[in-house]
Amino acid sequence: MPSYEQLRELLDPATTVLLTVECQQGVVGTESALPELAAEARSSGALGNVARLVTAAHQSGVQVLHAVAERRPDGRGANHNARLFRAAERLPVQQLSGTAAVRIAPPIDVADEDFVVRRLHGLSPLAGTDVDPLLRNLGCRTLLVTGVSANVAIPNAVFDAVNLGYAAVVPSDAIAGVPADYTPVLIRNTLALVATVTTTEEVLAAWKRPGRTG
């Protein structure tokens, strides 16, 4: 774990972007296509912690970027080259463009200054999307990765961020996957090798201005 001063420097609001991954109603909401994952995101407190981090980012001047996975109603451009994609096509809830399923899920607040980047293909919020050029144009050096799932999209986002030259930070209590005991194993044996692992409370403390209370 980095010291408070190290984390505060790493998470400088001027050079940090908070990324929420697939925190959309059709994934973590009450009408999720993946009810087990949605239940874990909520019961573990991960979704609530993402919301807390987003609120703190808005207050601290940290740019927020929401990465959403969706597909066209006709499926054009979507991947079919893995079992995960083929299974998703058969789910009762589809992440269709323009529907409620691809809106950011409560209790996360989306501000006017936030970016919402939508992808129609692949597994990663960064690969083949507008995220990387947006981060560079924003002067980002540190990407704070939150959301779901620890099984696929979160490690993809972390690896891509590191490969692209960003410092990745992962609040361990603001990501979720299934089964519940898989997430800490992934963090300990994989993400901790390439990212700075921290907690929601430590991030909030790093963003708290000197002399500020509450």
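The buried residues of helix H7 pack against strand S1 (16-21), strand S4, strand S5 (167-171), strand S6 (175-176) and helix H8 (182-194), where contact means heavy atoms within 4.5 Å and buried means under 20% relative accessible area, with exposed meaning over 50% and partly exposed in between (1.4 Å probe, protein chains only). Helices (H or I, at least four residues) and strands (E, at least two) are DSSP runs, numbered from the N terminus. The model is a predicted one, in which local features need pLDDT of at least 70 and side-chain atom pairs count only at pLDDT 80 or more, while totals for chains, interfaces and linings use all residues. Residues are numbered from 1 along each chain as its sequence is written, and side-chain values use heavy atoms, with hydrogens and water left out. In H7 itself (residues 153-163), the buried positions are Ala153, Ile154, Pro155, Ala157, Val158, Asp160 and Ala161, and the helix is followed by Gly165, which has a positive phi near 100 degrees.

When residues up to four places away in sequence are not counted, Leu11 touches Thr16, Thr142, Leu144, Val169, Val203, Ala206 and Trp207. In soluble globular proteins, nonpolar side chains tend to be buried together.

Grid points are joined across faces, edges and corners, and a volume is the space filled by probe spheres set on the points. The largest pocket has a volume of about 750 Å³ and is lined by 30 residues, of which Glu22, Leu34, Ala69, Leu84 and Ala88 lie nearest its centre. Helix H3 (35-43) and helix H5 (83-88) each supply at least two residues of this lining, with H5 giving the most, 4 residues. By class, the lining of the pocket has 17 nonpolar, 8 polar and 5 charged residues, where Ala, Val, Leu, Ile, Met, Phe, Trp, Tyr, Cys and Pro count as nonpolar, Asp, Glu, Lys and Arg as charged, and the others, Gly among them, as polar. Glu22 lies in the loop between S1 and H2, has a positive phi of about 50 degrees although it is not a glycine, and counts as buried because its relative accessibility is 13%.

The structure holds 1 cavity of 30 Å³ or more, and the largest cavity has a volume of about 30 Å³. Its lining consists of Cys23, Val28, Ala41, Ala46, Leu47, Val50, Gly147, Val148 and Ala174, which divide into 8 nonpolar, 1 polar and no charged. Helix H4 (46-60) and strand S4 (142-148) each supply at least two residues of this lining, and H4 gives the most, with 3 residues. Also in helix H4 is Gly48, which counts as partly exposed at 32% relative accessibility; Gly48 and Ala174 are 126 residues apart in sequence and 7.9 Å apart in space, C-alpha to C-alpha.

The structure holds 0 disulfides, a disulfide being a pair of cysteine sulfur atoms within 2.5 Å. Cys23 is in no disulfide, and the nearest cysteine sulfur, that of Cys140, is 17 Å away. Cys23 is buried, with a relative accessible area of 2%, and Cys140 counts as buried at 8% relative accessibility.

Cis peptide bonds join Val148 to Ser149, with omega about -10 degrees, and Val178 to Pro179, with omega about -10 degrees. Ser149 is placed in the loop between S4 and H7, whereas Pro179 is found in the loop between S6 and H8.

Note on methods:
1 Å grid on protein atoms, 1.4 Å probe; cavity = no way out; pocket = protein on both sides within 12 Å on 5 of 7 lines; lining within 4 Å.
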